[in-house]
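Take a look at the chain below. We will go from its outline to its cores.

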Amino acid sequence: MQIRLDKYLADMGIGTRSEVKQYIRRKQVQVNGDTAADAGRKVDTDRDQVSFQGNEIPYAEKEYYLFYKPQGCVSAVTDGRHKTVLDYITGSRRKDLFPVGRLDMDTEGLLLITNDGALSHRLLSPACHVPKVYYARVSGEVTGEDAAHFWEGVDIGDEEPTLPARLTVLPRHGGGNGSAGEDAQVTEIELTITEGRFHQVKRMFAAVGKKVLYLKRISMGSLVLDESLEPGGYRPLTEQEVEDLYAPTDWRIP
Ligand code: URA
């Protein structure tokens, strides 16, 4: 791709376009080893080697990060009051990243962070029905009746009931982590939904008289939360993971 030199450096977060022009005037920018004199000259993002203050600056057109969102931050690019998910992505070159969709402040788990608008559109489009899998701890006993209800569709106060969702009650197990094994009044579940309505999981359980106590997203389409990540951690997607997200897929819940 051919782009202006000042845009190239601004895209890579070196500075604003006018700051970059100043760096060029001060002879701090080289293209293929020669000092650049013209901010408007075209460079080839694949072939030309651009350096700033002696450091090579490779061009990254699209960036993709798998982020383990912790509780207590907002799924936004900026926020006047709270830490945002982007505050955690400190090693990126692009300055135009955004989260694909939202998780509530108290929800944790998988969030894709990218600057790829086309992919975001594809994953969030209601027509695509991309499945999202959540793990939750829910107050009370979640029953087979609830599962049947979720599969039929739940009235959560919107114009339309929810689309079929797969609710699985996880087996009880012992353990000292405050999970279901210790407390008969808490059920661990996995829920797959193919929509992204506001507070959807919490509202679905509220509709059957239960409260979500803890919520974590495990996957979105083919992308699965990396258990080796800690909350607040992130890693770049592999090329294969990006390809899989773009692959034409029948996302219907089996
Ligand atoms: N459903 C919710 O209720 N909250 C989330 O953060 C995601 C899905």
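Helices (H or I, at least four residues) and strands (E, at least two) are DSSP runs, numbered from the N terminus. By that count the chain has 6 helices and 15 strands. This is a predicted model: local features need pLDDT of at least 70, side-chain atom pairs count only at pLDDT 80 or more, and totals for chains, interfaces and linings use all residues. Residues are numbered from 1 along each chain as its sequence is written, and side-chain values use heavy atoms, with hydrogens and water left out.

Start with the outline. The C-alpha trace spans about 70 × 40 × 30 Å along its principal axes. Of the 254 residues, 49% are buried (under 20% relative accessible area, 1.4 Å probe, protein chains only).

Next, the contacts (heavy atoms within 4.5 Å). Take those with a separation of 6 or more: residues 24 or more positions apart account for 66% of them.

Now go inside. A nonpolar core is a set of buried Ala, Val, Leu, Ile, Met, Phe, Trp, Tyr and Cys residues joined through side-chain atoms within 4.5 Å. The largest has 30 residues, and Ile113, Leu191 and Phe205 touch the most other members. Elements giving two or more residues to this core include β7 (64–69), β9 (108–114), α4 (144–152), β12 (186–193) and α5 (200–207).

What does Leu191 touch, not counting residues up to four places away in sequence? Its partners include Val133, Tyr134, Phe150, Leu167, Met204 and Phe205, and also Lys132 and Arg166.

A second, separate core has 19 residues. Leu9, Ile14, Val29 and Ile57 are among them.

Conventions
Buried means under 20% relative accessible area, exposed over 50%, partly exposed in between (1.4 Å probe, protein chains only).
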